[in-house]
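Dear colleague,

I am passing on the structure we spoke about, and below it you will find some notes on what turned up when I went through it.

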Amino acid sequence: MPDGQAFLEVKDLKIHFPTDDGVVRSVDGLTFKLERGKTLGIVGESGSGKSVTSLGIRGIYNHRNSKISGEIWLDGKEIVSASQDDVRKLRGNQMAMIFQDPLSAMHPYYTVGHQIVEAYRVHHNVSKKVARKHAVDMLGRVGIPQPDRRVDDYPHQFSGGMRQRAMIAMALVNDPQLLIADEPTTALDVTVQAQIMDLMHDLQAEFNSALIVITHDLGVVAELADDVLVMYGGRCIEYASAATIFERPEHPYTWGLLGSMPRMDRPVQERLVPIAGSPPSLINLPKGCAFSPRCVYEERTGGLGTTVAPELTRAGGTNHLVRCHLPTEERQRLWVEEVKPKLEA
Ligand SMILES: Nc1ncnc2c1ncn2[C@@H]1O[C@H](COP(=O)(O)OP(=O)(O)OP(=O)(O)O)[C@@H](O)[C@H]1O
Ligand code: SF4
Ligand SMILES: [Mg+2]
């Protein structure tokens, strides 16, 4: 790859869908990078463009009835302009995906073992016996008890958490360099969620893959991510190291996400304080700042918030980008004096 280029580099990615009601701007100018061995969390509410971003990286929208532009470099190869054949190869050899619903990725009529064996044999010229041994090993590695017996179970014989582990085994069987997990734990209870995230973290370290974790819940990436990109209305509104996002976030929307994070130290009913209002239409984003109809600090920008779209600009820390008209000093002061004390109360 060219000097200085990251393992995965996304530049000004736009994915638009023309519809009868207008153009849906699902992803509108996204830029980020990720190295092998590192984890990026992409966080935002429903409909903010997270899954479309991940499918774009997988080349799903190339040559379709959608408009994709910008650049996606994976290990020195560009995906947006690549042929369908090249994209298919890249997807098979270098990327794997973990979904929210393992049943959607697994065939109900074949045993779990059979599916892992087949996934392995697509890329490895080995006998079924050798592949089966590998499948049993992988199931053991992801924490399935008695893997030599469970390998012959069908997906419905596994619990939700075990199915998720089996899907991780299937995703990792070909040693992918880029692993994308889209809401991997949403359907699971909190304890199992934590176990699955720990497992992904351990396996990632072992395989040295680049990992993208997509979630609406900042809590899921708190322990795991090196960097966090917060999306709102198809755009990045804050992008920084995870430490920065959790210790000195500067965007009012990120503050809202932090406030709506489930907390282990509270009873379930006290945990969630959703952000008031609803996500914007991606056909007609609100004028000015897309978050302005929901932002309690809007009047502090002297009318700018509802008239001029803010750019993504450098904030307080190094490599900290924020899309908000408020001066960085004011955001930092608001965080320290008003927002953080409220979240900790
Ligand atoms: N093929 C398509 N045609 C038109 N609009 C689409 C298409 N695919 C996605 N969209 C729209 O793009 C927007 C972003 O969708 P996306 O699935 O990326 O959201 P998300 O952030 O993953 O949300 P969730 O948290 O609910 O999974 C949505 O408004 C969706 O309706
Ligand atoms: S630009 Fe204004 S409306 Fe938008 S997030 Fe910042 S303060 Fe709120
Ligand atoms: Mg999604």
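Asp 153 and Arg 150 form a salt bridge in this predicted model, with their closest N and O atoms 2.5 Å apart.

The structure holds 14 salt bridges, and one of them joins Arg 141 to Glu 206, where the closest N and O atoms are 2.4 Å apart. Since Arg 141 belongs to helix 5 (residues 128–141) and Glu 206 to helix 8, this pair ties together parts that lie 65 residues apart in sequence. Arg 141 is partly exposed, with a relative accessibility of 37%.

A further salt bridge links Glu 344 with Lys 340, the closest N and O atoms being 3.9 Å apart; the two residues are 4 apart in helix 13 (residues 328–344), and so about one helical turn separates them. Here Glu 344 is exposed at 56%, while Lys 340 is partly exposed at 33%. Shared partners also join Arg 300, Glu 330 and Glu 338 into one network of salt bridges.

Turning to helix packing, helix 7 (residues 160–172) packs against helix 8 (residues 190–207) at an angle of about 15°, with the axes 11 Å apart, which means that the two helices are roughly parallel. The contact includes Ile 168 and Leu 172 of helix 7 as well as Leu 199 and Phe 207 of helix 8, and its residues divide into 8 nonpolar, 3 polar and 1 charged.

Methods: Residues numbered from 1 in each chain as written. Chains lettered and ligands numbered in written order. Predicted model: local features only at pLDDT ≥ 70, side-chain atom pairs only at ≥ 80, totals over all residues. Heavy atoms only, no water. Axes fitted to C-alpha atoms, helices over the stretch in contact; angles between N-to-C directions. Parallel < 35°, antiparallel > 145°, perpendicular 65-115°, else oblique. Contact = heavy atoms within 4.5 Å. Nonpolar A, V, L, I, M, F, W, Y, C, P; charged D, E, K, R; others polar. Salt bridge = Lys/Arg side-chain N within 4 Å of Asp/Glu carboxyl O. Buried < 20%, exposed > 50% of the residue type's maximum accessible area, 1.4 Å probe, protein only.
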